[in-house]
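Biologist: Can you put the model up? I'd like to go through a few backbone details.

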Amino acid sequence: MPIENLLGAPHRSLMDTNAYATVLSAPFEQWQINALGKSYQKELAKKWRQIHKKGTLTFSCCNDSASVAEAMDVMRKFRGPRFHAHGDGDLLQRPEYFDFYSSVALRGIGCFTRLYAMKMDGEVIAAALGLAHRGSLLVVMTAFDIEGYKSQSIGALTFESVAKDCISRGDRVLDFTIGDEPYKMQFGGQPTPMSSVTQAGSAAGSLALFALKQAPWIKQAAKRVTELRPVRTSTGTR
């Protein structure tokens with residue numbers, strides 16, 4: 001789709017990252033063989049045995065406001081230290097972003113969103129938020145108790161559980177969306193090149209766009225400035 005024409009942008013630029021999606025097929029066991037391969041399937045089976053020894057493990061899709069609130073709170077808790085360690089901030093730590101994603105998760109129950117929660121003895125240890133559309137689930141946000149379950153590859157176990165649920169619903173695609181993380185290919189994800197389209201709407205925007213193209217560090221500086229700017233609300237300025 002030539003979306004650059006809608007914006008009057010001169011051209012699209014190829015990004016240095018890809019999106020990944022894996023094709024789902026029933027039954028689940030056959031998909032495991034096709035997507036994971038025998039070696040990785042055997043490794044995950046070992047991780048499942050390990051994690052089940054730790055307690056009572058459950059996996060479900062949140063279907064009410066209480067379960068959504070619980071999963072989103074844990075999502076924020078786990079994502080904060082993870083992104084801070086990588087030198088970047090997590091948007092969920094900011095109230096306006098947390099409220100937005102929580103609203104999306106709650107309002108889309110049974111329709112266009114799915115919020116999965118994996119629990120150990122009743123406590124959420126992993127969560128995954130996705131958008132459901134035309135037989136595809138697009139993963140938007142995830143969080144895991146890495147500190148407590150790193151040895152059990154909790155992220156991989158969560159994605160395998162998500163895939164199993166998607167197949168049971170008749171979905172055809174599990175889309176891991178943008179990012180070149182290695183696990184996506186381990187789950188049979190195939191890369192799709194991504195492009196970006198930019199167009200300035202003002203003189204100030206043109207200057208900012210020019211600056212961003214000159215030096216990557218300016219982008220980081222601009223991001224920090226944006227985080228410090230006041231946010232206009234209906235009740236005043238924060």
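This is a predicted model: local features need pLDDT of at least 70, side-chain atom pairs count only at pLDDT 80 or more; totals for chains, interfaces and linings use all residues.

Biologist: Where is G55 found?

Modeller: G55 sits in the loop that runs between α2 (28–52) and β2 (57–61).

Biologist: Which residues is G55 in contact with, leaving aside its neighbours within four places in sequence?

Modeller: M120 and D121. In sequence, G55 and M120 are 65 residues apart, yet their C-alpha atoms are 6.2 Å apart in space.

Biologist: New topic, peptide bonds. Which residues does a cis peptide bond join?

Modeller: A26 and P27, with omega at about 0°. P27 belongs to the loop between β1 (13–23) and α2.

Biologist: Is R134 buried or exposed?

Modeller: R134 counts as exposed, because its relative accessibility is 70% and the cut-off is over 50%.

Biologist: What about phi of T177?

Modeller: Near 60°, again a positive value in a residue other than glycine. T177 lies in a strand, β6 (residues 173–178).

Biologist: And what is the relative accessibility of T177?

Modeller: 22%, so T177 counts as partly exposed; buried would need a value under 20%.

Conventions:
Residues are numbered from 1 along each chain as its sequence is written. Side-chain values use heavy atoms; hydrogens and water are left out. Helices (H or I, at least four residues) and strands (E, at least two) are DSSP runs, numbered from the N terminus. Contact means heavy atoms within 4.5 Å. Buried means under 20% relative accessible area, exposed over 50%, partly exposed in between (1.4 Å probe, protein chains only).
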